[in-house]
Amino acid sequence: MADKGIINETDFEDEEVVIVMMDDDGNEHYFIEEMLIPVGDDTYALLVPDTYDGEESEDEDSAFFAKVVTDEDGEYEYVEPTDEEFEKVNAIYEEMMREEEAE
């Protein structure tokens, strides 16, 4: 599912960016952009599952990284990173979490 592009992006009252992605069966899945992580010239988003209607998500613990790219219309899309890109962003994320715990 992470390799599907963005379908809709909306700012809600709490300033959370909610991403709506469609799976291969046409089902909508909602994610919150938890944080943006710059890696060189690229940006990655940590997306955590959420539901628009407030019900618990079946995938509650399945957060993932998505590469943020701009399509030809200037719209943001979230795509699955390569294994190499994943390793880089994951290492930076882990370092950020270690630093945060040390504070």
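Reader: Where is the place of valine 89?
Author: The model is a predicted one, in which local features need pLDDT of at least 70, side-chain atom pairs count only at pLDDT 80 or more, and totals for chains, interfaces and linings use all residues. Residues are numbered from 1 along each chain as its sequence is written, and side-chain values use heavy atoms, with hydrogens and water left out. Helices are DSSP runs of H or I with at least four residues, strands are runs of E with at least two, and both are numbered from the N terminus. The place of valine 89 is in residues 83-102, helix α1.

Reader: Is valine 89 buried or exposed?
Author: Buried means under 20% relative accessible area, exposed over 50%, and partly exposed in between, with a 1.4 Å probe and protein chains only. Valine 89 has a relative accessible area of 0%, so this residue is buried.

Reader: Which residues is valine 89 in contact with, leaving aside its neighbours within four places in sequence?
Author: Contact means heavy atoms within 4.5 Å. With those neighbours left aside, the residues in contact with valine 89 are Ile37, Val39, Tyr44 and Phe65.

Reader: How many bridges join β3 to strand β4?
Author: Two strands pair if DSSP finds at least two bridges between them. Methionine 35 has leucine 46 in β4 as its bridge partner. β3 and β4 (residues 42-50) run antiparallel, and the number of bridges joining them is nine.

Reader: Which residue in the turn of the β3 and β4 hairpin has a positive phi?
Author: This hairpin has two residues between its strands. The positive phi, about 60°, belongs to glycine 40.
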